[in-house]
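Open the structure in your viewer and keep the selection panel at hand. Each stop below says what to select and what is there.

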Amino acid sequence: MEKGKILVVEDQDAMRESLVIAFRDEGYQVEGAASGEEAIQKVDNQNVYDLVVTDLKMKKVDGLEVLRAVKAANSSTEVVLITAYGTISTAVQAIREGAYDYVTKPFRHQEILKVAKKAIEKKGLKDRVRYLEGEIREKYKFEGIVGNSNAMLEVLKVTSHVCRTESTVLVTGESGTGKELIARAIHYNSLRKDGPFVVINCGALPENLQESELFGHMKGSFTGAIKDKIGLFLQAQRGTILLDEIGETSPSTQVKLLRFLQDGEIRPVGGNKALYVDARIIAATNENLEKAVESGKFRKDLFYRINVIRIHLPPLRERREDIPLLVEYFLEKILEKLKKGKRVFSKESMRALVSYDWPGNIRELQNIIERAVTLSKNEIVNVDELPLPAGEVASLISDPLEDQKRKSFIVTTLAEQEKNAIIDALNKYGGNQTKVSQILGISTTTLWRKIKKYRIKPQHEISDTIGI
Ligand SMILES: Nc1ncnc2c1ncn2[C@@H]1O[C@H](COP(=O)(O)OP(=O)(O)OP(=O)(O)O)[C@@H](O)[C@H]1O
Ligand SMILES: [Mg+2]
């Protein structure tokens, strides 16, 4: 197996050569660079190194700059520095900026080989984690379901698992969060996909009609029952039935649902013969079923039967990072549908879309995008063209300084929020990056990368003294 690829950066020829040989003898693939410039060039051109071992003090381009270039090119490449006694404090700073470790001159080859081995192992782990994360995202992709937030990823993971089972599923979430979409995904990715997918909104049916709609009735079983009626359960034979707003079912319907879940049988209203139905139930609700159980509105035994696997869809305001993706997705679909030319949302309007609370969740977002595109005359959709509820736009883009509380809220994207959080923390802790990374719960490497990415100004950079 390949042990890893190392770049040794050292301007003293003898030292570089001896290190190259030492690493090569251990079985690594090794290259040498005689200056910081050469190292950066190599990293930029091919960037295939698992580890860069660099001298800290070199003419012109020093080890710190090499470190930054390496991390900018590929943050998972590890860097080990070689320092002389007098440069230890710079080495410590380098660690804050993401270096793996440093060794102090003079050192024995054993010492640097040990550090290098560990650094390469760490890189291997990081790569593996990254790969698995990517794999998860790929694996749990469903057509027409957009979302990259952790919350959505979790939902998709569970959804993907339940597709392979026959379990009853309870999908919960506010109105418009995508409960039906998830139920459809489950059906169309399950073994039942060639069978019917039947949806019934229990809340839309008067109680006295629920039973007959669901389970059918026999001719003459009640006034108006002029002929036999096949219920939705029978229509869902070998398929899936989505019972939307399950909390709205009447007590007698609940009894019948319980019987079906226990032994797969239904009894049409007025009939005395039980019929066997092979259908999978997915239940959905936007109310708190536990509360309904507590208040006696919903049967506890039925609740347990339904709540086997639960998929909860968080409201959109709790996964704002999905908003830009959804906007893009709906925009594309709507432009295609309306055969309109290109449209983009201005920065300000995107900011308002991300900041708005979306009580109607994704359905509302979809409607707003469609209306905005339909009404807009120009390619750029400005914030005043967003058909958000009266007063909303003004407050979403009001002068942030006037309303401190809104300030954290109005920032465009997560990226901007992140940038502000970093700047605030750097200011608060006098530029101490170790402290800031702890406070923000990220590694110093990540912090450094973000500082670079957001081009946070030098006055926020390290200003504390290092106590060595
Ligand atoms: N993650 C998503 N990606 C793309 N479209 C979505 C997503 N979630 C929901 N939608 C779309 O939003 C709309 C509302 O979704 P859906 O009908 O599934 O919500 P719901 O939770 O069943 O709402 P209600 O409680 O009002 O019945 C649908 O057009 C659906 O396609
Ligand atoms: Mg629905």
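Start with the shell around ligand 1. In this predicted model, its residues divide into 9 polar, 4 nonpolar and 4 charged. That shell holds 17 residues. Select Val146, Ser175, Gly178, Lys179 and Glu180; these are the closest to ligand 1.

Next, colour by helix. Which helices each supply at least two residues of the shell around ligand 1? They are H7 and helix H15, residues 361-375.

Now colour by domain. The chain is divided into four stretches to select in turn:

- domain 1, residues 5-135
- domain 2, residues 150-314
- domain 3, residues 319-408
- domain 4, residues 413-460

Why does ligand 1 lie between domain 2 and domain 3? Both domains give residues to the shell around ligand 1, so the ligand lies between them.

Zoom out and show domain 1 with domain 3. Their C-alpha centres lie 46 Å apart.

The crossing of H6 and H7 is right-handed.

Show side chains at this contact. From H6, select Thr159, Val162 and Cys163. From H7, select Ile182, Ala185 and Ile186. Colour them by residue class: the contact of H6 with H7 has 5 nonpolar residues, 1 polar and no charged.

Conventions. Residues numbered from 1 in each chain as written. Chains lettered and ligands numbered in written order. Predicted model: local features only at pLDDT ≥ 70, side-chain atom pairs only at ≥ 80, totals over all residues. Left-handed = near helix turned anticlockwise from the far one by under 90°. Helix = DSSP H or I, 4+ residues; strand = E, 2+ residues; numbered from the N terminus. Contact = placed C-beta atoms within 7 Å. Nonpolar A, V, L, I, M, F, W, Y, C, P; charged D, E, K, R; others polar. Near = placed C-beta within 6 Å. Domains from an automatic or database assignment.
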